[in-house]
Amino acid sequence: MNPKLRQLREKAMNLPLSPGVYIMKNKSGEIIYIGKAKALKNRVSQYFGSDRNHQEKVRRMVSNVDDFDYILTSSEFEALVLECSLIKQHQPKYNILLKDDKGYSYIRISNEDWCKISHVMQKNDDGATYIGPYTSSWFVKNAVDEARKIFKLPSCNKCFPRDFRKSRPCLNYYIKQCCAPCRGNISLSDYRERVDSAIDFLKNGNVGSISELEKRMEIASENLEFELAAKLRDRIAAIKRMADKQNVMATRLAEQDIIALMQEGNDACFSVLRFDENRLFDKEDFLLSDIGSPETARSEFINRYYSMREKIPPMIMIDGEVESVELVEMWLSDLAGRKVHIHIPQKGEQMRLIELAKKNAAEKLAQSRGHKGSDTSALGELAELLGLKKVPEFIESYDISNLSGSFNVAGMIVFRNGKPYKSSYRRFQIKSFVGQDDYASMAEVLERRFKEYELHKGEEGFGTLPDLILLDGGKGQVSAVRPVLERLGYGNIPLFGMVKDDKHRTRAITGDGGEISISSKRSAFTLVSTIQDEVHRFAIGYMRTTSKKKSFTSSLTSIDSIGETRAKALLKFFKTIQRISDADIDELMNVPTMTRPAAEAVYKHFHKRDN
């Protein structure tokens, strides 16, 4: 806790109720956070009051504050402009900061007979030919990849003619994406003609290349060079196929940006898709941590991002609410010199592009954490669907299983980052009553689980609190468990039930406010279905094992001198009834708690026919 908290609060309470910018500093006088406020007194005093509702990032920032300054402005808009300027100048630790790595990219054609085309980030004095510069490395990389595929040029590191016939062709040759010079079956003139066509394609684009190739194809046909005409025809078809793929990324709006946020734990990623002349021309991803609330994070990201960019589109599509959106629009419009709108699409083409941006953000975030993008995307969809404050890293799920009221057990499974985390699976035998009552069973299991947490905090399994609890069942199960969580002090953990249809398939999720359909969210639906199937499999498997062991135990307790304790010891030692029946008296004597009379009784029981 900050020892100067009371002194800082007193200073904050003396601030005016005027708009302005506040500047937080640490003991060294270093600026660690800059913010704006409509009323300085109200905003700054919140930092030094109760930290109960503060994000973890804010708590850490406040603990490091030694003093603060402020600058009064005539309006909130002026405060926003000043805030952006100061953040760009001082780069404070606790503000969202983006690294402006938009260097120039080039297309490089190596200086050799069997030259290669590649994408590079800088121009060197190496005798190679360079096309560029381009501001979008994503655009250059994609353009080079497309040219290689269309004209079947190599992307490997082999050197020709040195490496002719020294190894088998790579996969690209077999999927018809490389002419495989390494086989030594293509002439240098043919290869150079492909390279020249690829360079023409990169310089002039689809339309210019197709026009030129069509002329050459007509000349070849007139000269009865049908093999050459066929090759040119195939290249034209390849360019058109690539253009068709690009059309998928076209938009009705000539110029716009698409921004989406994906969170997983304390980590987050913003993905930006940039469109100009109705086509996607750039994509950027920004990995961040401890961003706070999504609404504030989106507002700060937009301010930081467009502070680094000269070009601001008239329309910005974003995936959720933006804090002080009118103010941000006003600042962007002033920066661009024309009206700029921020819009949250709900359906149609723009919604499809938002989903695409979220998928890109999920993939980038997953790569940084060593996961799959599809898992992160599914968790993001689920969080959005259920209105969770953050993407759930740990999901616990519970199911009750019994056999006509007997062998009443429960299973607890854990999914971590969208995948089964089997080391944290747990099993329960219902102890508080006999018979069948799924509601009471579920309440007992959750109470025991959270009491175990108090004993094992920080450990794997019971020692980790879930970010989300999913019960196999409907509103009844949720209503039975909710009072237990609230009584134990864990009522803030999101709790939902998984509802099945009459064919035992996942149909919806239910909470305190009714059912939530998940069929429209494909990734979330698949994840919830997988969780429900897994917890059902785990619980029913435990029930079957328990009932089988009970049956075995009861068959042993019918033997003289064998009670339940000895029966369990025999099963634990020999594992199966068959092995018990095959054992001799000396082997039976090796079992803990067994005496010779008891061993003889067991042996005689299984060898009656022999006697």
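This is a chat about a predicted model of one protein chain, going from its overall build to some single residues.

Biologist: How many helices and strands does the chain have?

Modeller: In this predicted model, the chain has 19 helices and 19 strands.

Biologist: What share of the residues counts as buried?

Modeller: Of the 611 residues, 47% count as buried. The accessible surface of the chain comes to about 31600 Å², and 48% of that surface belongs to carbon and sulfur atoms.

Biologist: Let's go to single residues. Where does valine 535 lie?

Modeller: Valine 535 lies in helix α15, which covers residues 522–557.

Biologist: Is valine 535 buried or exposed, and why?

Modeller: Valine 535 is buried, because its relative accessible area is 0%, and buried means under 20%.

Biologist: Which residues is it in contact with, leaving aside the sequence neighbours?

Modeller: Once the neighbours within four places in sequence are left aside, valine 535 is in contact with Ser397, Tyr398, Asp399, Gly411, Ile413, Asp472 and Met498. Glutamate 218, which is 317 residues away along the chain, has its C-alpha atom 66 Å from that of valine 535.

Biologist: Which other residue of helix α15 can we look at?

Modeller: Alanine 539 is found in helix α15, and alanine 539 is buried, with a relative accessible area of 0%. Not counting residues up to four places away in sequence, alanine 539 touches Asp399, Ser401, Val409 and Gly411. Asp399 and Gly411 are also among the contacts of valine 535.

Biologist: How far is alanine 539 from alanine 357?

Modeller: They are 38 Å apart in space, C-alpha to C-alpha, and 182 residues apart in sequence.

Biologist: New topic: where is the peptide bond that is cis?

Modeller: The bond from phenylalanine 160 to proline 161 is cis, with omega near 5°. Proline 161 lies in the loop between α5 (137–151) and α6 (171–174).

Biologist: Which other residue has a positive phi without being glycine?

Modeller: Serine 324 does, with phi near 55°. Serine 324 lies in the loop between β10 (315–318) and α10 (325–336), and at 27% relative accessibility serine 324 counts as partly exposed.

Biologist: Now leucine 82, where does that one lie, and what is it in contact with?

Modeller: Leucine 82 lies in helix α4, residues 76–90, and, leaving aside neighbours within four places in sequence, leucine 82 is in contact with Val21, Ile71 and Thr73. Leucine 82 has a relative accessible area of 25%, so leucine 82 is partly exposed. Glycine 292 is 210 residues from leucine 82 in sequence, and the two C-alpha atoms are 22 Å apart.

Biologist: One more: what does the side chain of serine 581 reach?

Modeller: The side chain of serine 581 reaches the backbone oxygen of glutamine 578 at 2.7 Å. Serine 581 lies in helix α17, residues 577–582, and is in contact with Phe606 and His607 when neighbours within four places in sequence are left aside.

Biologist: And is serine 581 buried or exposed?

Modeller: Serine 581 counts as buried, because its relative accessibility is 14%, and the cut-off for buried is under 20%.

Key:
Residues numbered from 1 in each chain as written. Predicted model: local features only at pLDDT ≥ 70, side-chain atom pairs only at ≥ 80, totals over all residues. Heavy atoms only, no water. Helix = DSSP H or I, 4+ residues; strand = E, 2+ residues; numbered from the N terminus. Buried < 20%, exposed > 50% of the residue type's maximum accessible area, 1.4 Å probe, protein only. Polar contact = N/O pair within 3.5 Å; in protein donor to acceptor, adjacent residues only side chain to side chain. Contact = heavy atoms within 4.5 Å. Areas by Shrake-Rupley, 256 points an atom, 1.4 Å probe, with all protein chains shown as cover.
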